[in-house]
Amino acid sequence: MILKNNNEITEIRNLLKKQSKIVITTHVNPDGDAVGSMLGLYGYLKRGGHEVYPIVPNEYPEFLQWMPGNESVFDYTRKKAEANNIIGTADLIFILDYNDAKRGADMEKDINSSKAIKVMIDHHPYPQIPVNFCLSYTQVSSTCELIYEFILAIGGKNIIDKTIAKCLYTGIMTDTGCFSYNSSQIRTFEIVSDLLGYGIEKDEIYHLIYDNFSYQRMRLLGFCLNEKMEYLADYKSAFITLTMEEQKQYDFNNGDSEGFVNLPLSIKGVVFSALFIERKDKIRISFRSRGNFSVNLFSGKHFSGGGHFNAAGGESNLSMAETIKKFTDILPLYIDELNRA
Ligand SMILES: [Mn+2]
């Protein structure tokens with residue numbers, strides 16, 4: 001258990017002895033781990049008698065909206081004034097599953113100017129946000145795994161219940177691609193085993209997350225693989241592009257492209273994949289890799305992004321065509337690295 005006997009934990013435990021006004025927040029475009037860790041911690045702190053506000057920088061997809069506590073979540077983009085006031089008057093702010101101010105989007109300036117005591121709990125490398133307590137551990141599978149450890153360390157195993165367990169399991173499952181990566185530590189499975197002990201139905205959780213797509217989304221997936229994927233054998237790479245026009249054709253909703261970036265990695269030999277999605281003002285990019293090729297560094301260097309070693313995001317202010325040209329022009333610089341990966 002990595003958080004036990006930690007000075008920071010003792011101080012946070014003492015802080016939480018007093019009833020507090022607490023904000024729990026997470027990164028823009030929240031994923032399963034973001035929402036799961038936020039609502040898992042929400043359930044826990046709520047049961048501790050605190051006044052707790054889960055606030056997200058923007059909306060998240062429907063397949064994540066079933067988790068217990070979802071009805072209490074504030075969407076910053078929709079209730080800016082109210083969220084701003086809550087963040088400004090909070091005693092404590094938990095920053096979950098991100099460590100770079102950019103990932104807090106518009107909410108970040110409110111968090112930054114708030115006098116609240118800030119606690120970051122995260123598993124991404126190179127934490128950058130100034131906080132009072134930084135619980136950053138890159139070796140864990142997910143922030144949900146850390147939240148479980150955090151609750152245990154704070155001393156509340158008996159406050160965990162099925163609703164909290166559901167949220168935490170969801171983040172561990174989604175951040176490991178259903179235990180296909182980032183999940184080789186024994187501890188991850190011990191925690192999963194504990195969570196199952198609270199009576200969660202893991203097959204049902206899988207179903208709620210992965211069998212919850214629209215008909216149009218399935219057709220979009222087919223279109224992307226059939227017509228929009230490019231395979232660059234020399235570079236062991238493949239990428240998919242999606243323009244706004246194409247998104248419109250398939251009634252694109254936020255979250256519809258979730259998981260698309262992983263698919264090219266199923267091609268034999270491919271070690272690097274990218275997904276380029278056109279947004280109103282920029283191209284949003286996701287990168288994935290297998291083995292020894294760091295997409296975190298690649299994205300940081302060329303596409304103002306970052307994330308994990310094998311999974312990162314990025315962006316480009318160029319047009320789609322110019323962005324793809326930039327990407328394919330850069331690849332030759334990495335030919336040796338990609339072939340060694
Ligand atoms: Mn995560």
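Modeller: This is a predicted model, and one definition is needed at the outset: the domain bounds come from an automatic or database domain assignment, while a residue counts as lining a pocket if it has an atom within 4 Å of one of the pocket's grid points.

Biologist: How do you know that the second largest pocket lies between domain 1 and domain 2?

Modeller: Domain 1 covers residues 7-210 and domain 2 covers residues 215-340, and because both give residues to the lining of the second largest pocket, that pocket lies between them. The lining consists of 13 residues, among which P61, E62, N253, N254 and D256 lie nearest the centre, and the pocket has a volume of about 260 Å³.

Biologist: What makes up the lining of the second largest pocket by class?

Modeller: Four of the lining residues are nonpolar, six are polar and three are charged.

Biologist: Which atoms are called donors of the manganese ion?

Modeller: A donor here is an N, O or S atom within 2.8 Å of the metal, and the OD atoms of D33, D97 and D175, together with NE2 of H123, coordinate the manganese ion at 2.1 to 2.3 Å, so these atoms meet the cut-off. Along the chain, the donors follow the spacing D-x63-D-x25-H-x51-D. D33 belongs to helix α2 (residues 32-47), whereas H123 sits in the loop between β5 (117-122) and β6 (133-136), so this pair ties together parts that are 90 residues apart in sequence. Both D33 and H123 are buried.

Biologist: Why is T25 called buried?

Modeller: Buried means under 20% relative accessible area, and T25, which is found in strand β1 (residues 21-26), has 0% relative accessibility, so T25 counts as buried. A polar atom of the T25 side chain also lies 2.9 Å from the backbone oxygen of I55.

Note on methods. Residues numbered from 1 in each chain as written. Predicted model: local features only at pLDDT ≥ 70, side-chain atom pairs only at ≥ 80, totals over all residues. Heavy atoms only, no water. 1 Å grid on protein atoms, 1.4 Å probe; cavity = no way out; pocket = protein on both sides within 12 Å on 5 of 7 lines; lining within 4 Å. Points joined across faces, edges and corners; volume = space filled by probe spheres on them. Nonpolar A, V, L, I, M, F, W, Y, C, P; charged D, E, K, R; others polar. Donors = N, O, S within 2.8 Å, 3.2 Å for Na, K, Ca; no water. Helix = DSSP H or I, 4+ residues; strand = E, 2+ residues; numbered from the N terminus. Buried < 20%, exposed > 50% of the residue type's maximum accessible area, 1.4 Å probe, protein only. Polar contact = N/O pair within 3.5 Å; in protein donor to acceptor, adjacent residues only side chain to side chain.
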